[in-house]
Amino acid sequence: AVDMPGVGNSGEVLSKIKDNVTVEYRLVNEEATSAVNANDENKNARRQLRRLAAEGKASDFEIEDILLDVAARSSLDTNAPGQKLMIRWERPQNNRQAKARPYSFSVVGPPVMDGDDMRSANSSLNPNSAWYLISFALTEEGSATFCNLTSEFIGRRMAIVWADRVVSDPQIQGAICGGNGQIT
C-alpha cells in the first residue's frame, strides 16, 4: 500500500506523483538491502527510528545520523550508484489506519524515472483485497522508459520514493508497455 499523507482525491494523487521534486523511481539493490537489514546492529537502529517516529521526535538531523551510521557499518559507499541508503516506511499490517512508520532499510540505485513521466493517476479500492491500487498513465517518453525498464528488470523491485522515503517497492511482474499500469 502507498501512504500519501494529506492526499484525499485523485487530483491530489496526480499532483503528488507529478511533483518531480518529491517523487522518484529507483531500482532496489536486493543483495545490499538484505545484508543491511540482516545486521543485528542495524535492526537496533531500525527500532530506534521507529521509536523516534512514534514519539514524534525524529528530526532530520537524527535520522541522517542514524543513516550515516548504518551505511558505514554496512560498508556502503552512498555516493556510488546502487548504494543509496533510504528508509522504507509502511503502515502496520494489522492497522491500515495507523500512520506509516520506518519499516526497513532499502538500498537503491539512481533515479530511473520521476514525476515528469506521469500524465495521470487515480486511486481506488482494489476489488480483490482491502488495499488501494493506483492506476497511472505515462507520458510518451515515460511510457518508452517504463517499457524498457520493466522488460529488462522483471523480478526486481522498483522503489517509489516520495521526498526521502521509500513508500512502496513493488516487484516488476512483467513488461508494462503502452503507457498504463497499476500499483497494487
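Angles between axes under 35 degrees count as roughly parallel, over 145 as roughly antiparallel, 65 to 115 as roughly perpendicular and the rest as oblique. Keep that in mind for the second view. This is a predicted model, in which local features need pLDDT of at least 70 and side-chain atom pairs count only at pLDDT 80 or more, while totals for chains, interfaces and linings use all residues. Residues are numbered from 1 along each chain as its sequence is written, and side-chain values use heavy atoms, with hydrogens and water left out.

**View 1. The whole chain, for orientation.**
The chain has five helices and eight strands, taken as DSSP runs numbered from the N terminus (H or I, at least four residues, for helices; E, at least two, for strands). Reading from the N terminus, the order is α-β-α-α-α-β-β-β-β-α-β-β-β. Of its 184 residues, 40% count as buried; buried is under 20% relative accessible area, exposed is over 50%, and partly exposed falls in between (1.4 Å probe, protein chains only). Count the contacts (heavy atoms within 4.5 Å) with a separation of 6 or more, and 61% of them come from residues 24 or more positions apart.

**View 2. Helix H2 crossing helix H3.**
Here H2 (residues 30-38) meets H3 (residues 40-55), their axes coming within 5 Å and crossing at roughly 80°. The axes are lines fitted to C-alpha atoms, for helices over the stretch in contact, with angles from 0 to 180 degrees between N-to-C directions. H2 and H3 are therefore roughly perpendicular to each other. On the H2 side look for Val36, Asn37 and Ala38, which touch Asp40, Asn42, Lys43 and Arg46 in H3. That set splits into two nonpolar, two polar and three charged residues.

Zoom in on Asn42 in helix H3. Is Asn42 buried or exposed? Asn42 is buried, at a relative accessible area of 0%. Setting aside neighbours within four places in sequence, Asn42 contacts Val36, Val70, Arg73, Ser74 and Phe105.

**View 3. Glu30 reaching for Arg157.**
The structure holds eight salt bridges, each a side-chain nitrogen of Lys or Arg within 4 Å of a carboxyl oxygen of Asp or Glu. In this one, Glu30 pairs with Arg157, and their closest N and O atoms are 2.8 Å apart. Glu30 sits in helix H2 and Arg157 in the loop between helix H5 (140-152) and strand E6 (158-162), so the pair ties together parts 127 residues apart in sequence. Glu30 itself is partly exposed, at 28% relative accessibility.

Glu41 and Arg73 join their side chains in a salt bridge (3.7 Å, N to O). Glu41 is in helix H3 and Arg73 in helix H4 (residues 60-73), so to speak distant parts of the chain, 32 residues apart. Both ends are partly exposed: Glu41 at 49% relative accessibility, Arg73 at 31%. Elsewhere in the view, Glu55 and Arg51 form another salt bridge (3.7 Å, N to O). Glu55 and Arg51 both lie in H3, four residues apart, about one turn of the helix. Glu55 is partly exposed at 40% relative accessibility, and Arg51 is partly exposed at 41%.

**View 4. A salt-bridge network.**
Salt bridges with shared partners connect Glu30, Arg88, Glu90, Arg157 and Asp169 into one network.

How values were computed: Ala, Val, Leu, Ile, Met, Phe, Trp, Tyr, Cys and Pro count as nonpolar, Asp, Glu, Lys and Arg as charged, and the others, Gly among them, as polar.
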